[in-house]
Amino acid sequence: MTSEGNRLRVMEILDQTFSTDSKIKVNNNTDRQYSADDETIARDEIYNQLQVSVPEFFYVPEGMVFNSYSIVSESGSAYITYDYEGENLILYISTDEQDNSVNNSTNDVGTLVDTIEMNIKGENVEIELWNIENDDVNIIQWKYHNTYYEFGGKISEEEIRNMVQHIFF
C-alpha cells in the first residue's frame, strides 16, 4: 500500500471510529510541490532533534499545504510552515514551556477569544484562542508535556476551531 493509501486507510478508520462524517478529498495532481512524506520527515526530524511531541492536525482547511520547516537546536525550537490562501500559517514549537517572548507579544496586541479544554492522551490541556483584529489573524497556544506550542496566521476562527478539535499527538 502506498503512503497515500495508508493515510486514506487511517482516515477511514478514524471516521468509522469517531463517526465524524468527514469527507476525504484526494489530490493526485502532478503539480504538488510537497507530499505528506515531506511533512512526516519534518515531524520525525523535529522529534528526533528536540525530543518533543509534534502535533498533527487531522483536519486542515482545503488548500492548506505543507511548505517547509526549520529546527533551531540551540534554542530548542522548531517551525513548520504551511501555505493557505496565499498566506503562511506557522506551527511554532518550543522546549521552553515558559516561552514568554511569543506569549507576551500575543497578549500585547491580541484579544483572548476562548479557552478550549481538551483531553490529549489522558492529560487535560487548555488551548487559548487569540485574535489579532488589525491583521485578521487567529492563533492558538497551549502547553503539553513541558512544551509550548503556537499555531496560527490569517485563518478564520471557524477553521482554526475545527483544527483544534482534530489535534493528534
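1. Helices (H or I, at least four residues) and strands (E, at least two) are DSSP runs, numbered from the N terminus. By that convention, Thr81 has its place in strand β3. The structure discussed here is a predicted model, in which local features need pLDDT of at least 70 and side-chain atom pairs count only at pLDDT 80 or more, while totals for chains, interfaces and linings use all residues. Residues are numbered from 1 along each chain as its sequence is written, and side-chain values use heavy atoms, with hydrogens and water left out.

2. Two strands are said to pair if DSSP finds at least two bridges between them. In general, strands of a sheet pair through backbone hydrogen bonds, either parallel or antiparallel. Here, 7 strands make up an open sheet with antiparallel pairing, in the order β2-β3-β4-β8-β7-β6-β5. Its edge strands, β2 and β5, each pair on one side only. Neighbouring strands are turned against each other by 15° on average, direction ignored. For such angles, axes are lines fitted to C-alpha atoms, for helices over the stretch in contact, and the angles run from 0 to 180 degrees between N-to-C directions.

3. Helix α4 packs on this sheet, where it touches β3, β5, β6, β7 and β8. The direction of α4 makes about 20° with that of β5. Contact, in this note, means heavy atoms within 4.5 Å.

4. The term "buried" stands for under 20% relative accessible area, "exposed" for over 50%, and "partly exposed" for values in between (1.4 Å probe, protein chains only). On one side, β3 is joined by 7 bridges to the antiparallel strand β2 (residues 65-72); Ile71 stands opposite Ala78 of β3. The hairpin of β2 and β3 has 4 residues between the strands, and Gly76 takes a positive phi near 70° there.

5. β3 also pairs with strand β4 (residues 87-94), to which 8 bridges join it in an antiparallel arrangement. Ile80 has Leu91 of β4 as its bridge partner, and Thr81 has Ile90. The hairpin of β3 and β4 has 2 residues between the strands, and Glu85 in the turn has a positive phi of about 50°.

6. Is Thr81 buried or exposed? Thr81 counts as buried because its relative accessibility is 14%. Leaving out residues up to four places away in sequence, Thr81 touches Phe66, Asn67, Ser68, Leu89 and Ile90.

7. The interior deserves a separate point. In soluble globular proteins, nonpolar side chains tend to be buried together. A nonpolar core is here a set of buried Ala, Val, Leu, Ile, Met, Phe, Trp, Tyr and Cys residues joined through side-chain atoms within 4.5 Å. The largest such core has 32 residues, of which Ile46, Tyr82, Ile127, Ile140, Trp142 and Phe151 touch the most other members. At least two residues of this core come from each of α2 (36-50), β3, β4, β5 (111-120), β6 (123-132), β7 (137-144), β8 (147-153) and α4 (157-164). β3 supplies the largest share, 4 residues. As for Trp142, its contacts beyond four places in sequence include Pro55, Leu91, Val125, Ile127, Tyr148 and Phe169.

8. Side chains of opposite charge can pair when their charged atoms come close. A salt bridge is counted where a side-chain nitrogen of Lys or Arg lies within 4 Å of a carboxyl oxygen of Asp or Glu; the count by this rule is 3. In one of them, Glu39 pairs with Arg43, the closest N and O atoms being 2.4 Å apart. Both residues lie in helix α2, 4 residues apart, about one turn of the helix. Glu39 is buried at 17% relative accessibility, and Arg43 is buried at 11%.

9. How is Arg161 connected to Asp114? Their side chains meet in a salt bridge, at 2.9 Å from N to O. Arg161 lies in helix α4 and Asp114 in strand β5, so the pair ties together parts that are 47 residues apart in sequence. A further salt bridge joins Arg161 to Glu157 (3.0 Å, N to O), and these two residues are 4 residues apart in α4, about one helical turn. Through shared partners, Asp114, Glu157 and Arg161 form one network of salt bridges. Arg161 is partly exposed at 26% relative accessibility, Asp114 is partly exposed at 26%, and Glu157 is partly exposed at 30%.
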